[in-house]
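Morning, everyone. I have one structure to go through today, and I will take it region by region. Please have a look at it before I go on.

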Amino acid sequence: MGLFDGLRRGRDVQFDSGHAATNAIELTKRRAQISLTKQDAATGHLRVNLSWRMRTSDIGGPQRESLLRHPFRALKPPEVIGHSQSVVNVDLDLGCLYELQDGSKGVVQPLGGYYGDVNAPPYVKLSGDDRFGSGSGETMYINLDHRDSIKRLLVFVYIYDSTPAFDRAHAIVTLYPSNGPRIEIHLDERQPQARSCAVVMIEKIKDEIIVRREAKFVYGFQAELDRLYGWGLQWGRGYKTKVQR
C-alpha cells in the first residue's frame, strides 16, 4: 500500500498509487478493480507477467542484528534476493481459465502444453514456461482487439509438483495495458499450504473490460479453482516434459 493510504483524498482517487516512481497502480483489497475501457486501454495486446523472488527471512535464517547499529535496515523491504534454483525448488506457473461469449471454455497453461493462440480463440497465448525463476518470469498475451468475443478470463498461478511455497516466494503479477500505467497484484499473503492462487479476473461487463483483483489462495490445483469459479471443465493429472538447464 502507498504511504498515505490513511489520509482522506479526493473522491476521484480510486486506487493505491503503488510505486509512483515506476508509474504503477496496485490493486488491493480496498481498491480491487479498474476499468481498462475508462483508461482507454481496452484494445491491443494486454501483457500479463508473473515474476517472483525469495524472502530473505527464509534464506539463512532470520537476521537478528541490532537496529541500533543499523537503524536504516528497518526501512528495507524483506524481499531483496532474487530467486535461484539453488535456494529452493519452486516452479511457479502462470495460467488462465477462459470463457468466450460463444460458450467455449478451456485453459491456457504450460502443463499439458496448452499455450493458446493470440490471434484466434481463445485470444490468449502463453509465451513459454519459466521453470527456474529467471528475471523475466512468465508472460501471457491477451488480444483485446477481440474483446467482444471474451466473456471472462481468470488469471491464476500454481506451484507445479513441489512443496507449497507461496509464503516464501513473493510473487507479483503485473498487467501492462496498451495505454496508461501498469497494474500490479502482489501475492504477499502468508499462505504456507496453498498450491494455487486465483490472481485476477478480466471480464467484459456491459461495454467495459474490468480488471478485478481476486488473490484467492486454495490448497488444490486447477480443478479447485474451477469449482470455486464454476467453470465446469474436466481435469486429470498432467505432467511436464523434462528440460535441461
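One definition before the details: strands here are DSSP runs of at least two residues, numbered from the N terminus. Keep in mind that this is a predicted model.

With that numbering, Pro 122 sits in the loop between strand 7, residues 116–117, and strand 8, residues 124–126. For background, most peptide bonds are trans, and most residues other than glycine have a negative phi.

Asp 40 is not a glycine, yet it has a positive phi of about 55°. Ala 215 is not a glycine either, and its phi is positive too, about 50°. Where are they placed? Asp 40 is in the loop between strand 2, residues 33–35, and strand 3, residues 45–54, while Ala 215 is in strand 14. Buried or exposed? Asp 40 counts as exposed, because its relative accessibility is 57% and the cut-off for exposed is over 50%. Ala 215 has a relative accessible area of 9%, so it is buried, the limit being under 20%.

Strand 14 runs over residues 208–218, and Arg 213 is in it as well. Arg 213 is buried, because its relative accessible area is 13% and buried means under 20%. What does Arg 213 touch, leaving out residues up to four places away in sequence? The list is Leu 27, Thr 28, Lys 29, Ala 32, Ile 185, Glu 189, Val 199 and Val 200. With Leu 27 there is a polar approach: a polar atom of the Arg 213 side chain lies 3.4 Å from the backbone oxygen of Leu 27. Arg 31 is 182 residues away from Arg 213 along the chain, but their C-alpha atoms are separated by 8.6 Å.

How many cavities of 30 Å³ or more does a search of the whole structure find? One. The largest cavity holds about 40 Å³ of space. Its lining includes Ile 25, Ile 34, Gln 39, Pro 177 and Asn 179. By type, the lining residues are seven nonpolar, three polar and no charged.

Last, the chain as a whole. The protein chain has one helix and 14 strands. It has 245 residues, and 45% of them count as buried.

How values were computed: Residues are numbered from 1 along each chain as its sequence is written. This is a predicted model: local features need pLDDT of at least 70, side-chain atom pairs count only at pLDDT 80 or more; totals for chains, interfaces and linings use all residues. Side-chain values use heavy atoms; hydrogens and water are left out. Helices (H or I, at least four residues) and strands (E, at least two) are DSSP runs, numbered from the N terminus. Buried means under 20% relative accessible area, exposed over 50%, partly exposed in between (1.4 Å probe, protein chains only). Contact means heavy atoms within 4.5 Å. A polar contact is a pair of N or O atoms within 3.5 Å; within protein, one must be able to donate a hydrogen and the other to accept it, and residues adjacent in sequence count only if both atoms are side-chain atoms. On a 1 Å grid over the protein atoms alone, a cavity is a set of points where a 1.4 Å probe fits but cannot get out, and a pocket is an open set with protein on both sides within 12 Å along at least five of seven lines; lining residues have an atom within 4 Å of a point. Grid points are joined across faces, edges and corners, and a volume is the space filled by probe spheres set on the points. Ala, Val, Leu, Ile, Met, Phe, Trp, Tyr, Cys and Pro count as nonpolar, Asp, Glu, Lys and Arg as charged, and the others, Gly among them, as polar.
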